[in-house]
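Here are my notes on this model. Please read them with the structure open.

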Amino acid sequence: MTTKRKFSTYDLVVVGVLAALIFVCTMFIKIGPIPTPVGATQIKVANALCLMGGMLFGGVRGGLAAGIGSMFFDLLNPAFVESAPYTLVFFFLMAFVCGVVSHLGGRAGKDWRYNLLGAIAGQVTYLILNFGKKILLLVLAGSTFGAAAAACAVSFATSCINAVIAVILSVLLAPVLRSALVRAGFAEKLW
């Protein structure tokens, strides 16, 4: 007989605190907004927190925190407000994929190689979803595929910079944060 894991008060607190950290990081530690033909973009370090959430707390908790924190930033910023629903889903999936890969085979985000693979997989997931959506919307509005892809070039370049920063920072900082959480008594709560 299998037992289902319930979403506890602890889980809600982890998601809430991490979502708040992601929101604050997105709000204050960034370069931008940078205008592009397909909407504003920015260079930020908050994606690293999204990935670390998946590495440290698993795909569901990390994904919820990433999606919610990023969505609230979008909702409170006129340059990004129309993308808030997509942000919720895309950032959830980025951290969820990272968390699933980082926790494969019971590794619980402790193996740097799986953390690296998870971070890359999460960022690639986000890039595919984000640019697939942008290109699709432009094509549906009447652009050719080539024109739509060209219009997304600056935004794609910025997102690739974000991805590289996020992968490097998350893989380097996750073990440090894990150690700090263990010292603070949260060892049994980490997946």
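How exposed is phenylalanine 96? Point 2 has the answer.

1. This is a predicted model: local features need pLDDT of at least 70, side-chain atom pairs count only at pLDDT 80 or more, and totals for chains, interfaces and linings use all residues. Residues are numbered from 1 along each chain as its sequence is written, and side-chain values use heavy atoms, with hydrogens and water left out.

2. Phenylalanine 96 is partly exposed, with a relative accessible area of 28%. Phenylalanine 92 is partly exposed too, at 24%. (Buried means under 20% relative accessible area, exposed over 50%, partly exposed in between, with a 1.4 Å probe and protein chains only.)

3. The structure holds five aromatic pairs. (Rings of Phe, Tyr and Trp, the last by its six-membered ring, pair if their centres lie within 6.5 Å; planes under 30 degrees apart count as stacked, over 60 as edge-to-face and the rest as tilted.) In one of them, the rings of phenylalanine 73 and phenylalanine 80 have centres 5.6 Å apart and planes at 45°, so the pair is tilted. Both phenylalanine 73 and phenylalanine 80 are buried.

4. Now back to phenylalanine 92 and phenylalanine 96. Their ring centres are 5.5 Å apart and their planes lie at 15°, so this pair is stacked.

5. Look at two charges over rings. Arginine 107 lies over the face of tyrosine 114, at 3.8 Å from the ring centre. Lysine 133 lies over the face of tyrosine 86, at 4.4 Å. (The test: NZ of Lys or CZ of Arg is within 6 Å of the ring centre and within 35 degrees of the ring normal.)
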